[in-house]
Amino acid sequence: MSAVTATSMFVWSSEAALTAAANKYRFVAPCDGVILNVKAACLVAPVGASIILDINKGGTTIFTTQSRRPTIAAAATTATVGDVEVTSFSAGDVFTVDCDQVGSSTAGTGFCISVAYAGKTALPTGTREIDFRFGEVEA
């Protein structure tokens, strides 16, 4: 078997008002990969305090410097996110999202967080990969 590197993303979302809790959302990595970036947003901005999120791989944060966690400021709807410090993962690794803070007077609502990654997916022998730059390639 050969492998193809593809860019994809994990996406978690909820239409409800956020509540602070650990392990609110889960995702199991389908392949080995490297995290490229993290983005987050909400439809209704938090009031009184920021939304602070954390992403964990196997129970440990991928933001070892806590100030780099995705943060949506009070009255804002998009997050600032620092560099991800734990970027590699293996097929089967479990990712979870913690909502560490959700706003103080009004919680943010309509939340979405995405993790873009490059991952290797195995191709069965005899299948063909289409490279749109160069045409069909034997796998």
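Let's start with Asn-23. Asn-23 counts as partly exposed because its relative accessibility is 47%. Buried here means under 20% relative accessible area, exposed means over 50%, and partly exposed lies in between, with a 1.4 Å probe and protein chains only.

A word on the model. This is a predicted model, where local features need pLDDT of at least 70, side-chain atom pairs count only at pLDDT 80 or more, and totals for chains, interfaces and linings use all residues. Residues are numbered from 1 along each chain as its sequence is written, and side-chain values use heavy atoms, with hydrogens and water left out.

Back to Asn-23. This residue sits in strand E2, residues 21–28. Strands are DSSP runs of E, at least two residues, numbered from the N terminus. The phi of Asn-23 is positive, near 55°, and this residue is not a glycine.

Next, Ala-75. Ala-75 lies in the loop between strand E6 (71–72) and strand E7 (88–89). Ala-75 counts as exposed because its relative accessibility is 70%.

Last, Val-11. Val-11 belongs to strand E1, residues 2–17. Val-11 is partly exposed, because its relative accessibility is 47%. Now, what does Val-11 contact, leaving aside its neighbours within four places in sequence? Cys-112, Ile-113 and Ser-114. Contact means heavy atoms within 4.5 Å. Take Ile-113. In sequence, Val-11 and Ile-113 are 102 residues apart. In space, they are 5.8 Å apart, C-alpha to C-alpha.

Key. Helices (H or I, at least four residues) and strands (E, at least two) are DSSP runs, numbered from the N terminus.
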